[in-house]
Number of protein chains: 2
Amino acid sequence: MTADVQKLLDKVRIVLIRTTETGNIGSAARAMKTMGLSQLVLVDPKEFPSAKATARASGADDLLANARVVDSLPQALEGCDLVMGTSARLRDLPWPLLDPREAAEKVLQYAHQPGDIAVVFGSERSGMSNEELDHCHFQVHIPANERYSSLNLAASVQVIAYELRMTLLSADGLDIEQDEEELAGRDAMERFYEHLFQVMQGVGYYRPEQPKLLRRRMKRLFNRPMMTHAEVQIMRGFLSMIEKYLPRS
Amino acid sequence: MTADVQKLLDKVRIVLIRTTETGNIGSAARAMKTMGLSQLVLVDPKEFPSAKATARASGADDLLANARVVDSLPQALEGCDLVMGTSARLRDLPWPLLDPREAAEKVLQYAHQPGDIAVVFGSERSGMSNEELDHCHFQVHIPANERYSSLNLAASVQVIAYELRMTLLSADGLDIEQDEEELAGRDAMERFYEHLFQVMQGVGYYRPEQPKLLRRRMKRLFNRPMMTHAEVQIMRGFLSMIEKYLPRS
């Protein structure tokens, strides 16, 4: 991950309005930190700080220690260039609606703006009011099961934070880093195929006078996984062991 | 949402291995239901059913009531065509790795296969062992903060379930790509591996008393291409021909 992605994640504020279950604040902090977010803003929480929040944060207590507590939503949004409010409930006056992926793409578009970016979450019981949504540029809607759309507050934070991180990372052109093993080149693969067909012929499974379908099928199979050198060596070792049992031709 | 997407979501099993915090089972059920998943399978849970799980499920208690409890992972995976294991830890012998979005796309490719699709989650403390991952075609890795990657179990389930729903919904209406040939299911692959290791042992290439690395390497190789039924048949025909040359054991 490049510094650019982290810099952008650092600009994202998660704003929780009047959270009633204090444990949820801790779980939300944990969800944020797993995805590299750090700015937590609490608007008029019922109780904070609390032992329960700290317990649930489970190692993300630095986010709780740095959390800002404010009285009103406008205070929480000061200095923001982009504000998005999460809500499952559609409004009579429909707000510009984004799904989480579109919201993350919106964040990308704001990457070079100087201000911060806020994602707002309403209280557990009542969600976001129309007045609160008025402060937002967009409404973000998680496309949940129509018959059971009640995501837990921290689960909603997790989904939004995950989508932000995923989208920013993929825009960054980076994939998950994996120890790369050397792949077998074309020549090694050709030698492997010759060896394979030789043994297949040796045991009487493949007859060269027949149509070439079997050869093609085998190549199609073993080309798909992009075999590593080590794997080709194993397979050839196995073939050599088989050959010892075959009559000399 | 069309019936097709729901039908595919109905085929997805969430498999939780040896969950220690019983509340997490309830939170996982809630996370699943919000995204339209319904099949919960518990492998040797520490405690189930429990009042705490039911309280946390918060309206998703039907998933708990219908949950299957089994003793071992293989039992949980019976009848599955595609098995993916979630794990943050990279392995010495790297398993084919997908991020959640790629995993969801893999599920799309299996839309027309008859069997179920399993996503496996390890226990809270120890995650998935190498042996458990051996049962999986792919490892799914949530691209978390490298310095703090400890997603809560239910949060991981929420992310995977969300990504499945999002990807399926956005593919909906499009022509879901279909492999023309039927893929070999998990059961057929298991029989193929048994046959392969038997012959490898027969020719003296594989010694079961040795570490299991060879078995793992072979599984990793043959899981990657997603073998078709026809390919498994060819390979098994080849193995049977080899066996004719081996001394009877």
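Start by selecting Pro49(B), which you will find in the loop between strand 2 (39-43) and helix 3 (51-57) of chain B.

**Two positive phi values in chain B**

That brings us to Arg18(B), in the loop between strand 1 (12-17) and helix 2 (22-34) of chain B. Its phi is near 40 degrees, a positive value in a residue other than glycine. Is Arg18(B) buried or partly exposed? Arg18(B) counts as partly exposed, because it has 16 C-beta neighbours inside 10 Å.

Next, select Met226(B), in the loop between helix 10 (213-223) and helix 11 (229-243) of chain B. Phi of Met226(B) is positive as well, near 50 degrees. Met226(B) has 20 C-beta neighbours inside 10 Å, so this residue counts as buried.

**Chain A as a whole**

Zoom out and colour chain A by secondary structure: there are 11 helices and seven strands. Then colour by domain, with domain 1 covering 3-171 and domain 2 covering 186-243. The centres of the two domains of chain A are 54 Å apart, taken over C-alpha atoms. Of the 249 residues in chain A, 40% are buried.

**Into the cores**

Select Val15(A), Met32(A), Val15(B) and Met32(B) together: these have the most contacts inside the largest nonpolar core, which has 118 residues. Focus on Val15(A) and show what is around it. Leaving aside neighbours within four places in sequence, the contacts of Val15(A) include Val41(A), Val43(A), Ala76(A) and Phe121(A). Also among them are Ala118(A), Val119(A) and Val120(A). A second, separate core has 13 residues, including Val199(A), Tyr206(A), Ile234(A) and Phe238(B).

**Where the chains meet**

Show both chains and select the contact between them, which takes 46 residues from chain A and 47 residues from chain B. On the side of chain A that touches chain B, the elements giving two or more residues are helix 2 (22-34), helix 8 (153-171), helix 10 (213-223) and helix 11 (229-243). Which of these gives the most? Helix 8 of chain A does, with seven residues. Colour this side by residue type and you will get 26 nonpolar, 12 polar and eight charged residues.

**Last stop: confidence**

Finally, colour by pLDDT. Chain A averages 89, and 94% of the residues score at least 70. Select residues 173-179 of chain A, though, and the pLDDT is below 50; beyond near neighbours in sequence, this stretch has 10 contacts in the model. Where pLDDT is low, the predicted coordinates should not be read in detail. For the complex, the predictor gives an ipTM of 0.78 and a pTM of 0.82.

Note on methods
Residues are numbered from 1 along each chain as its sequence is written. Chains are lettered from A and ligands numbered from 1 in the order in which they are written. This is a predicted model: local features need pLDDT of at least 70, side-chain atom pairs count only at pLDDT 80 or more; totals for chains, interfaces and linings use all residues. Domain bounds come from an automatic or database domain assignment. A nonpolar core is a set of buried Ala, Val, Leu, Ile, Met, Phe, Trp, Tyr and Cys residues joined through C-beta atoms within 7 Å. A residue is buried if 20 or more other C-beta atoms lie within 10 Å of its own, exposed if 12 or fewer, and partly exposed in between; C-beta atoms are placed from the backbone. Two residues are in contact if their C-beta atoms, placed from the backbone, lie within 7 Å. Helices (H or I, at least four residues) and strands (E, at least two) are DSSP runs, numbered from the N terminus. Ala, Val, Leu, Ile, Met, Phe, Trp, Tyr, Cys and Pro count as nonpolar, Asp, Glu, Lys and Arg as charged, and the others, Gly among them, as polar. pLDDT is the predictor's confidence in each residue, from 0 to 100.
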